[in-house]
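Please find below a note on the model under review.

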Amino acid sequence: LPFLRRLSDFEARYAAPSSNHAHSPTMQNDQGQPVDLYIPRKCSWTNRLIEAFDKASVQVNVGNIDPNTGMYTNANATYALSGYVRAKGESDMALAELVRKDDELA
């Protein structure tokens with residue numbers, strides 16, 4: 001019976017909290033309009049959704065430079081790479097290709 005008591009103590013400590021709240025928590029912007037609590041990102045290379053539990057994903061900001069002076073222009077391009085791409089060892093190639101394609105478009 002002590003084992004059963006420990007199990008119930010464990011369940012009491014780690015059980016999911018009950019929802020006794022009258023409403024779910026919401027976030028509001030400056031105008032008071034409700035907005036989403038979580039906005040998912042997409043991988044820039046594979047266009048896959050980067051889920052919240054993907055702890056290996058990264059977001060990289062690449063600074064833009066002026067072609068004449070070679071100085072930073074206070075602008076950047078943001079790329080998100082999923083953990084899947086990083087695990088395959090393709091993140092360096094993917095980032096280089098994304099930057100090259102964006103440079104051709106500019």
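The points below move from the basis of the model to its strands, core, charged pairs and surface.

1. Basis of the values. This is a predicted model, in which local features need pLDDT of at least 70 and side-chain atom pairs count only at pLDDT 80 or more, while totals for chains, interfaces and linings use all residues. Residues are numbered from 1 along each chain as its sequence is written, and side-chain values use heavy atoms, with hydrogens and water left out.

2. Helices (H or I, at least four residues) and strands (E, at least two) are DSSP runs, numbered from the N terminus. Strand E5 (residues 58–65) and E6 run antiparallel and are joined by seven bridges; two strands count as paired if DSSP finds at least two bridges between them. Val-62 stands opposite Ala-77 in E6. Six residues lie between the two strands of this hairpin, and Gly-70 in the turn has a positive phi of about 75°.

3. The nonpolar core. Such a core is a set of buried Ala, Val, Leu, Ile, Met, Phe, Trp, Tyr and Cys residues joined through side-chain atoms within 4.5 Å. Buried means under 20% relative accessible area, exposed over 50%, and partly exposed in between (1.4 Å probe, protein chains only). The largest nonpolar core has nine residues, namely Cys-43, Ile-50, Ala-77, Tyr-79, Ala-80, Leu-81, Val-85, Ala-94 and Leu-98. E6 and H3 each supply at least two residues of this core, and the largest share, four residues, comes from E6.

4. Contacts of Leu-81. Contact means heavy atoms within 4.5 Å. Not counting residues up to four places away in sequence, Leu-81 touches Cys-43, Trp-45, Ile-50, Ser-57, Val-58, Ser-91, Ala-94, Leu-95 and Leu-98.

5. Ser-82. Which loop holds Ser-82? Ser-82 lies between strand E6 (72–81) and helix H2 (83–87). The residue is buried, with a relative accessible area of 4%. Leaving aside neighbours within four places in sequence, Ser-82 is in contact with Cys-43, Thr-46, Ile-50, Asp-54 and Ser-57.

6. Salt bridges. Side chains of opposite charge can pair when their charged atoms come close. The structure holds two salt bridges, each defined as a side-chain nitrogen of Lys or Arg within 4 Å of a carboxyl oxygen of Asp or Glu. In one, Lys-88 pairs with Glu-90, with the closest N and O atoms 3.7 Å apart; Lys-88 is partly exposed at 46% relative accessible area, and Glu-90 is partly exposed at 26%. In the other, Glu-97 pairs with Arg-100 and the closest N and O atoms are 2.7 Å apart. Because Glu-97 and Arg-100 are three residues apart in helix H3, about one helical turn separates them. Glu-97 is partly exposed at 24%, as is Arg-100 at 38%.

7. Asp-103. This residue belongs to helix H3 (residues 91–105) and counts as exposed, at 59% relative accessibility. Asp-103 and Asn-64 are 39 residues apart in sequence, yet their C-alpha atoms are 9.3 Å apart in space.

8. The surface patch. Met-27, Val-35, Leu-37 and Tyr-38 form a nonpolar patch with about 390 Å² of accessible area together. Patches are made of residues with over 30% relative accessible area and no salt bridge, like charges being joined within 9 Å and nonpolar side chains (Val, Leu, Ile, Met, Phe, Trp, Tyr) within 5 Å. Accessible areas come from the Shrake-Rupley method with a 1.4 Å probe, and for residues only the protein chains shown count as cover. Tyr-38 sits in the loop between strand E2 (34–35) and strand E3 (41–42) and is partly exposed, with a relative accessible area of 45%.
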